[in-house]
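Biologist: I would like a close look at a single part of this model, followed by its setting in the chain.

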Amino acid sequence: MKRSTFLRAATALAFAPSVAPAIVRAQGTYPDKQIRMVIPFAAGGTTDLMARAVGQHFAQAWGQPVVADNRAGANGVVAGEIVAKAPGDGYTLSVVAMGHAINPLIYRKLPYDGVNDFTPISLLATFPQLVLVHPSVKANTLPELIQLAKTASPPLTYASGGNGSSQHLAGALFAHMAKLNLTHVAYKGGNPAQLDLMAGNVNMMITQPNSKELITTGKMRALAVSSSRRSQYYPELPTVAEAGVPGYESVAWYGLLGPKGMPPDVVKKIADETVRACAGEGARSIVAGQGGDMVAGTPAQFAEFIAAERKRYEAIVREANMTVD
């Protein structure tokens, strides 16, 4: 399926009317009204598609509407403030990306406590990213790219969806571990960054391509995958670690959370339904269509995952001076 097809389907379903009220009565009092799903990025991106697919599942399972509320800005900080200041009653939820874990490291001041003002509910999916270059870049393998980057003047440029985004962190980690001098070019989202890569305005990017067709049709050249293991969707590509940067690993991810103070029984109910949502065809199709893996789990597992991600990138954020006033 094409990305546009996913978006149309997910948009329609996320605003589905109430269904199966008998299921809600049988399961208890939560939820008994509309749920707000705050999305920290604009419509059309992976975070948005994931949020709408999960919201559609909740609406069908619980018989209450789930309204998508896109609040893009500042790598998720705008949405984060809304969620952090919402009542912890389970009626405000948010699908977040890596920026949620990293923002406390890069922003000198946040309008919320990045650790204590949220309730982790479940990890949703992880996505290996691809090392992509514009076809004009004279490198057909990762070792060739590394050698080119060591001698390029001016330095090669790499695009990202913004300071602290998964693409920024993947690129900074690559430059650090391969001992390269690369110039970061930040955009207001992964989609415009990828479009500029295809236009030849930047040299490379480590990201999830919007579709596999962009690779197979030659609009971008893929050299390696960023995960610790090869991707089942791109089995011909080596990992970055295999191709010359031992120990390298950086994946994009998405998870569900809410405000602090949520009742444990509500958290469990949402987490259990999230696992079922991630096993459903809607979310699975979106994730598979972009080369990702479903990895829903418990609230405790997601909390541990967020803490580990923050620790993984702490030194890189400091060395790359990824600070935002």
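Which backbone atom lies 3.0 Å from a polar atom of the side chain of Ser231?

Modeller: The model is a predicted one, in which local features need pLDDT of at least 70 and side-chain atom pairs count only at pLDDT 80 or more, while totals for chains, interfaces and linings use all residues. Residues are numbered from 1 along each chain as its sequence is written, and side-chain values use heavy atoms, with hydrogens and water left out.

The atom you ask about is the backbone nitrogen of Tyr233, 3.0 Å from a polar atom of the Ser231 side chain. Ser231 itself sits in the loop that runs between strand 9 (221-225) and strand 10 (251-259), strands being DSSP runs of E with at least two residues, and helices runs of H or I with at least four, numbered from the N terminus. Because its relative accessibility is 5%, Ser231 counts as buried, a term that means under 20% relative accessible area, with exposed over 50% and partly exposed in between (1.4 Å probe, protein chains only). Setting aside residues up to four places away in sequence, Ser231 touches Val225 and Gly291, where contact means heavy atoms within 4.5 Å.

As for the setting, the secondary structure of the chain comes to twelve helices and eleven strands. Of its 325 residues, 54% count as buried, and among contacts with a separation of 6 or more, 79% join residues 24 or more positions apart. The C-alpha trace spans about 65 × 40 × 30 Å along its principal axes.

Technical notes
A polar contact is a pair of N or O atoms within 3.5 Å; within protein, one must be able to donate a hydrogen and the other to accept it, and residues adjacent in sequence count only if both atoms are side-chain atoms.
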